[in-house]
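Visitor: Hi! I have this model open and would like to go through it with you. Can we start with how its strands pair?

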Amino acid sequence: MKGIKGRLTANFIAVILISVIILEVLLIYTVRQNYYGSLSGNLTNQVRISADMYSKYYSDASLEENILYNVDAFWNQSDARVEITDARGNIIMDSLGVIPSSSEPKYDVLAALEDRQGEWVGTMSGSKVMAVAYPLKSGGEIVGALRLIASADAIDKEIFATMRIFIAIGFFVVLAVGLLGIFLANTILVPLKEVTTAAEGMAAGNFQIRSRKKRNDEIGKLSDTLNYMADEIIKKEALKNDFISSVSHELRTPLTSIFGWAVTLQSKELQNKETLNDGLSIIAGESERLTQMVEELLDFSKFTTGGIKLKCKNVNLSRLLFYISKQLSPRAERENIEFSVAYPEDLPDILSDANRLKQLFINILDNALNFTEAGGNVSFQAKYSGNIFTFTITDNGCGIPADELPLVKEKFYKGGGAGSKNGIGLSICDEIVSLMGGCLLIKSEVGKGTAVTVKLPKEVFPNDQ
């Protein structure tokens with residue numbers, strides 16, 4: 001009974017068994033009440049008819065005289081045993097012809113002598129009987145009691161026979177329900193075992209396996225969930241592999257340049273001042289690229305593990321945006337891209353992390369510049385309204401295909417464009433915005449450009465602050 005199948009079957013049988021027992025007890029009780037009620041009704045009708053006959057036609061004579069001369073009127077009309085008692089409850093006539101020794105009157109006789117119909121069920125001469133007593137009246141006074149006694153043994157035999165039939169039916173019902181319970185348990189467990197087998201295969205690393213959905217129920221939904229999970233894992237695994245490949249490629253390029261120039265500078269024939277300066281400049285530049293890539297990877301790792309904590313203070317946005325403009329303008333000029341930063345003079349301060357804001361905006365602007373060709377333009381606008389800052393970065397570059405747009409903020413995703421890098425820049429931006437309680441929206445159209453909108457509250461209150 002440790003398995004689900006055993007527990008389901010046992011619980012199912014237990015519920016049915018209790019229900020059958022309760023139902024059979026009620027049925028047997030009802031049958032008994034019907035049998036005894038029928039016997040009681042017959043005896044009651046007969047005893048009343050006899051008592052009424054006595055009151056109407058025989059009450060002029062004494063009870064003893066009536067017993068002596070008219071006794072047939074009392075007991076020949078009934079198959080039951082007839083007893084007549086006097087006003088004190090003593091039996092003065094018995095249809096069996098035997099007057100029992102004096103004893104305390106039974107409940108039914110006492111009730112009749114109190115002008116009520118009495119009924120008693122008990123044992124008499126070793127047999128179970130039912131007795132009904134009714135008062136005999138003469139001139140309005142109770143002169144005795146008429147008692148009819150019928151055997152209940154035949155009724156008990158009928159009740160016992162009926163009870164055996166009910167028990168047999170109940171046994172077969174429980175047996176049938178038990179078999180049905182096993183069948184119903186199998187209808188649940190077989191699909192569940194198939195889902196479990198599929199889950200075990202996925203746990204072992206086989207994400208190509210799929211759980212077959214047979215019904216649109218909870219187990220069917222579980223199958224859908226497992227299959228969706230496997231698809232997502234395959235997708236994430238592919239993105240991760242692409243990410244590792246991309247990062248490896250980007251790391252190889254600067255490392256190759258650094259190694260090549262290091263070997264070149266070791267050569268005595270090439271150690272003139274101009275070559276030395278060129279080599280050291282390239283080594284410094286490539287080392288800076290490597291440092292930025294490593295910092296980006298570290299940031300990504302901290303964001304995914306929840307290790308990034310915002311250091312919030314009042315930030316002068318006007319000064320921050322001016323700094324970003326100065327930092328990126330030389331690059332835009334070098335690449336022949338028109339770059340503009342616009343914001344109102346009365347732009348209020350924001351309570352946030354200045355370094356993360358710089359990282360957020362520079363990452364987005366870096367993407368915009370990467371995907372905008374010479375002669376294009378990139379604009380950065382800031383607005384404030386209703387305690388919400390809205391930052392919009394637009395470009396007229398190549399744009400993002402509609403099928404890639406929902407994926408660009410996912411971790412490891414690297415677009416198909418030539419300017420795509422390692423696939424973690426926008427995911428970090430999205431994490432920063434979420435950490436600041438804002439939202440990042442991207443709209444794009446192939447061949448027309450991209451617009452990135454960042455909405456941030458005026459005050460950021462991280463959970464750890």
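Guide: Strand E7 (residues 338–342) pairs with strand E9 (residues 377–385) in the parallel sense over 5 bridges. Strands here are DSSP runs of at least two residues (E), helices are runs of at least four (H or I), and both are numbered from the N terminus. Two strands pair if DSSP finds at least two bridges between them.

Guide: A quick note on the source: this is a predicted model, where local features need pLDDT of at least 70, side-chain atom pairs count only at pLDDT 80 or more, and totals for chains, interfaces and linings use all residues. Residues are numbered from 1 along each chain as its sequence is written, and side-chain values use heavy atoms, with hydrogens and water left out.

Visitor: Switching to helices: how many residues does H9 have?

Guide: H9 (residues 354–370) has 17 residues. Its first and last C-alpha are 24 Å apart, close to the 24 Å expected at 1.5 Å a residue; that expected span is 1.5 Å times one less than the number of residues.

Visitor: Is H9 largely enclosed or open?

Guide: Largely enclosed by the rest of the structure, because 12 of its 17 residues are buried. Buried means under 20% relative accessible area, exposed over 50%, and partly exposed in between (1.4 Å probe, protein chains only). Among the buried ones are Leu-357, Phe-361 and Leu-365.

Visitor: Where do H8 and H9 meet?

Guide: Residues of H8 including Leu-320, Ile-324 and Leu-328 are part of a contact region with H9 residues including Leu-357, Phe-361 and Leu-365. Contact means heavy atoms within 4.5 Å.

Visitor: Last one: what share of the whole chain is buried?

Guide: Buried residues make up 37% of the 465 residues in the protein chain. That chain has 10 helices and 12 strands.
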